[in-house]
Amino acid sequence: VPQPVPQPVSSDSQKCGVGIVFTVGTDKNFYVVSLIEGGPAAVSGMVGIGDRLVAIDKVDVSQLPNLAILSQLVLGEYATPVKLTFLRSHYLVQVTLLRGVSDATTAQFKLVAQKGPDGVHFSA
């Protein structure tokens, strides 16, 4: 059973994340399994348990081999933005968070597309 890799929220002296714990599903996709209390993702209220990660800063994560490589894309310098794209139910959503910054006013959410029976419909 794959073990989730927590992404720490830390000081600006080292790389930090946004407080999301991912796991690899049986379908080889990356899923949110928990949020670190007080972390940027939890405080924003914009990331949900079960959300499937599809991109980080426009980089498709579907072909990434493991969680270690994924964490290299998520982790970064303190207070720098990271744009995460998730598939949630039939919606593609983008969430922009500041690494290590637990302030809901700095987070951004955008509905990007809706997946329907005849394909994906993108918003303008």
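What follows is a chat about the labels and the cut-offs behind them.

Mentor: Ground rules: this is a predicted model, where local features need pLDDT of at least 70, side-chain atom pairs count only at pLDDT 80 or more, and totals for chains, interfaces and linings use all residues. Residues are numbered from 1 along each chain as its sequence is written, and side-chain values use heavy atoms, with hydrogens and water left out.

Trainee: What makes up the secondary structure of the protein?

Mentor: There are 2 helices and 8 strands, and from the N terminus the order is β-β-α-β-β-α-β-β-β-β. Helices (H or I, at least four residues) and strands (E, at least two) are DSSP runs, numbered from the N terminus.

Trainee: Why is I20 called buried?

Mentor: Buried means under 20% relative accessible area, exposed over 50%, and partly exposed in between (1.4 Å probe, protein chains only). I20 has 0% relative accessibility, so it counts as buried. Its place is in strand β1. Of the protein's 124 residues, 40% count as buried.

Trainee: And V32, buried or exposed?

Mentor: V32 counts as buried, because its relative accessibility is 2%. V32 lies in strand β2, and its C-alpha is 6.6 Å from that of R52, 20 residues apart in sequence.

Trainee: What makes a group of residues a nonpolar core?

Mentor: It is a set of buried Ala, Val, Leu, Ile, Met, Phe, Trp, Tyr and Cys residues joined through side-chain atoms within 4.5 Å. The largest one here has 22 residues, and I20, F22, L53, L70, L84 and F86 have the most contacts inside it. At least two residues of this core come from each of β1, β2, β3 (52–56), α2 (67–74), β5 and β6. As background, nonpolar side chains tend to be buried together in soluble globular proteins.

Trainee: How do you know that R88 and D51 form a salt bridge?

Mentor: The definition asks for a side-chain nitrogen of Lys or Arg within 4 Å of a carboxyl oxygen of Asp or Glu. The R88 and D51 side chains meet at 2.7 Å, N to O, so the pair qualifies under that cut-off. R88 sits in strand β5 and D51 in the loop between α1 (40–44) and β3, so this pair, 37 residues apart, links distant parts of the chain. A search of the whole structure finds 1 salt bridge.

Trainee: What burial labels do the two partners get?

Mentor: R88 is at 25% relative accessibility, so it counts as partly exposed. D51 is at 3%, so it counts as buried.

Trainee: What is the nearest side chain of opposite charge to R99?

Mentor: For R99 that is D57, 4.0 Å away, and R99 is buried yet has no salt bridge. On the charge bookkeeping, Lys and Arg count as positive and Asp and Glu as negative, while His and the chain ends are not counted. R99 is found in the loop between β6 and β7 (108–116).

Trainee: What makes the R99 and T80 pair a polar contact?

Mentor: A polar contact is a pair of N or O atoms within 3.5 Å; within protein, one must be able to donate a hydrogen and the other to accept it, and residues adjacent in sequence count only if both atoms are side-chain atoms. The side chains of R99 and T80 are 2.9 Å apart, so the distance passes. The R99 side chain also reaches the backbone oxygen of V74 at 2.6 Å.

Trainee: Why is K28 called exposed?

Mentor: K28 has a relative accessible area of 61%, so it is exposed. K28 lies in the loop between β1 (20–24) and β2 (30–35), and its phi is positive, about 75°, although it is not a glycine. Most residues other than glycine have a negative phi.

Trainee: Which loop holds S89?

Mentor: S89 is in the loop between β5 (81–88) and β6 (91–98). Its phi is near 55°, a positive value in a residue other than glycine. S89 is exposed because its relative accessible area is 61%.
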